[in-house]
Amino acid sequence: MQALQPFVLIAPNGQPAGYADLQPNGYIDHFFIAPSYARIGAGKQLMQYLQQLAKQRGLKEINADVSLNAQPFFMNSGFVLVRQQQPVIRGVVLANAHMRQSLKPSLK
Ligand SMILES: CC(C)(COP(=O)(O)OP(=O)(O)OC[C@H]1O[C@@H](n2cnc3c(N)ncnc32)[C@H](O)[C@@H]1OP(=O)(O)O)[C@@H](O)C(=O)NCCC(=O)NCCS
C-alpha cells in the first residue's frame with residue numbers, strides 16, 4: 001500500500017474515513033470508504049479530488065477495475081463500463097468491471 005502512495009480522506013472528527021490512490025498512468029488501484037462513512041458523500045469528495053489531480057497531471061483518462069458493489073458509485077462519478085471481467089485471485093473468481101472516464105484538460 002505504501003508503494004501506491006494513497007490519499008487519506010480525514011473526517012471532521014479527525015478519523016480516517018477512506019483512502020484511494022491515483023497511479024501515474026491514471027489507474028486507480030484502491031478506492032475505499034469505511035462503512036461507517038458510507039452514503040454521505042465521502043466517496044464523491046475523494047473521487048473529485050482524484051479527478052482534479054488527474055487533470056492537473058495532464059492525464060487524458062482515469063480507469064479502474066471496479067467491484068460489482070462499487071459500479072453504481074463509479075457510474076455516478078462519470079465512469080463508463082469498458083468490460084465485465086472475472087479474474088481469479090488465489091483460486092476465487094472475483095467478478096469486477098473495467099471502467100474508464102475521459103478527462104478534459106485543466107488550466108489549474
Ligand atoms: C463504493 C464506495 C466507494 C462508495 O462510497 P460512498 O462514500 O458510500 O459514496 P457516496 O456517498 O459519495 O455516493 C455518491 C453516489 O454514488 C452512488 N452510490 C454510492 N454507493 C452506492 C451503492 N452501494 N449503490 C448504488 N449507488 C451508490 C449514489 O448515486 C450516491 O449518491 P446518493 O447517495 O446521493 O444516491 C464505498 O461504498 C466503498 O468503499 N465500498 C467498499 C469498497 C469498494 O467496493 N471499493 C471499490 C473498489 S474498486
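## The shell around the ligand

By class, the shell around the ligand holds eleven nonpolar, five polar and two charged residues. Here Ala, Val, Leu, Ile, Met, Phe, Trp, Tyr, Cys and Pro count as nonpolar, Asp, Glu, Lys and Arg as charged, and the others, Gly among them, as polar. The ligand is surrounded by 18 residues, and the closest are Gly43, Lys44, Ala70, Pro72 and Phe73. At least two residues of the shell come from each of E4, H1, E5 and helix H2 (71-76).

This is a predicted model: local features need pLDDT of at least 70, side-chain atom pairs count only at pLDDT 80 or more, and totals for chains, interfaces and linings use all residues. Residues are numbered from 1 along each chain as its sequence is written.

## The chain as a whole

Two helices and nine strands make up the elements of the chain. Helices (H or I, at least four residues) and strands (E, at least two) are DSSP runs, numbered from the N terminus. Read from the N terminus on, their order is β-β-β-β-α-β-α-β-β-β-β. The radius of gyration is 14 Å, close to the 13 Å that the globule rule gives for 108 residues, so the chain is as compact as a globular protein of that length. This radius is taken over C-alpha atoms, and the globule rule is 2.2 Å times the number of residues to the power 0.38.

The C-alpha trace spans about 40 × 35 × 30 Å along its principal axes. Of the contacts in the chain with a separation of 6 or more, 50% are between residues 24 or more positions apart. Two residues are in contact if their C-beta atoms, placed from the backbone, lie within 7 Å.

Of the 108 residues, 18% count as buried. Buried means that 20 or more other C-beta atoms lie within 10 Å of the residue's own, exposed means 12 or fewer, and partly exposed is in between; C-beta atoms are placed from the backbone. A nonpolar core is a set of buried Ala, Val, Leu, Ile, Met, Phe, Trp, Tyr and Cys residues joined through C-beta atoms within 7 Å.

The largest nonpolar core has 16 residues, and Ile28, Ala64, Phe74 and Met99 have the most contacts inside it. Two or more residues each come from strand E2 (16-20), strand E4 (31-33), helix H1 (42-56) and strand E5 (61-67). E5 gives the largest share, three residues. Leaving aside neighbours within four places in sequence, Phe74 is in contact with Ala64, Val66, Phe79 and Met99.

## Individual residues

Leu59 is in the loop between H1 and E5. Leu59 is buried, because 21 other C-beta atoms lie within 10 Å. Not counting residues up to four places away in sequence, Leu59 touches Gly26, Ala54 and Leu103. Ser67, in strand E5, is partly exposed, with 14 other C-beta atoms within 10 Å. The C-alpha atoms of Ser67 and Asn96 are separated by 4.5 Å, although the two are 29 residues apart along the chain.

Most residues other than glycine have a negative phi. Gln5, not a glycine, has a positive phi of about 50 degrees. Gln5 is in the segment before strand E1 (7-10) and counts as exposed, with 10 C-beta neighbours inside 10 Å. Arg39, also not a glycine, has a positive phi of about 60 degrees. Arg39 is in the loop between E4 and H1 and is exposed, with 9 other C-beta atoms within 10 Å.

Note on methods
A residue is near a molecule or strand if its C-beta atom, placed from the backbone, lies within 6 Å of it.
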